[in-house]
Amino acid sequence: MGKYIASTSKWVRDQVELYEKSKGKEGNTVSNYPVIIVTNLGRNTGAIRKTPLITVKDDDKYILIASQGGSPKNPNWYYNLKANPKVKIQDGSTVYNMKATEILDPKKRKRLWEIAVKTYNPYQDYQSRTERIIPIFLATPIK
């Protein structure tokens with residue numbers, strides 16, 4: 001793996017650092033919702049990138065919502081996962097090796113979107129703010 005390049009966003013850098021230093025005991029929420037840290041490789045740099053995302057689960061899988069708050073553009077991590085779907089997900093003190101797959105099938109998307117919105121209702125508002133269809137990834141354990 002490459003070297004770690006922290007986010008250009010101060011709050012993301014600070015949250016990732018606090019989360020990792022405390023093994024998920026601190027820095028583990030955004031707006032009072034639990035978060036995970038998703039670690040992936042940058043598609044251009046090959047560097048390690050880390051992103052806090054709202055924790056949304058489907059059994060032992062994680063649903064990763066590329067909402068970027070309803071921005072008109074996908075977040076950078078979306079393109080990184082498309083290029084290299086192997087990720088590490090830290091949930092509290094536990095780290096999982098996983099593979100993230102973008103869900104394109106409308107029926108599967110609908111089911112996962114409903115779980116995501118039930119978990120974190122602002123996703124519905126984010127979708128209404130943008131013309132793009134917010135991408136959904138399903139991260140499954142690598143056996």
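Helices (H or I, at least four residues) and strands (E, at least two) are DSSP runs, numbered from the N terminus. The model on screen is predicted: local features need pLDDT of at least 70, side-chain atom pairs count only at pLDDT 80 or more, and totals for chains, interfaces and linings use all residues. Residues are numbered from 1 along each chain as its sequence is written, and side-chain values use heavy atoms, with hydrogens and water left out.

**Stop one: Val 30**

Select Val 30, which belongs to strand 1 (residues 29-30). Val 30 has a relative accessible area of 23%, so it is partly exposed; buried means under 20% relative accessible area, exposed over 50%, and partly exposed in between, with a 1.4 Å probe and protein chains only. Now show its contacts (heavy atoms within 4.5 Å). Beyond the neighbours within four places in sequence, Val 30 is in contact with Trp 11, Gln 15, Val 35 and Ile 54.

**Stop two: the strands**

Two strands pair if DSSP finds at least two bridges between them. Strand 1 is joined by 2 bridges to strand 2 (residues 33-41), and the two run antiparallel. Here Val 30 stands opposite Tyr 33. The two strands form a hairpin with 2 residues between them, and Ser 31 in the turn has a positive phi of about 50°.

Follow strand 2 to strand 3 (residues 48-54): 7 bridges join this antiparallel pair. Select Val 38 to find Thr 51 opposite, in strand 3. This hairpin has 6 residues between its strands, with Gly 46 in the turn at a positive phi of about 75°.

Strand 2 also runs antiparallel to strand 6 (residues 86-91), with 3 bridges. The bridge partner of Ile 37 in strand 6 is Gln 90.

**Stop three: Ser 67**

Move to the loop between strand 5 (61-65) and helix 2 (76-83), where Ser 67 is found. Is Ser 67 buried or exposed? Its relative accessibility is 7%, so Ser 67 counts as buried. Not counting residues up to four places away in sequence, Ser 67 touches Tyr 123, Tyr 126, Arg 132 and Ile 134.

**Last stop: the lining of the largest pocket**

Strand 3 gives the largest share, 6 residues.
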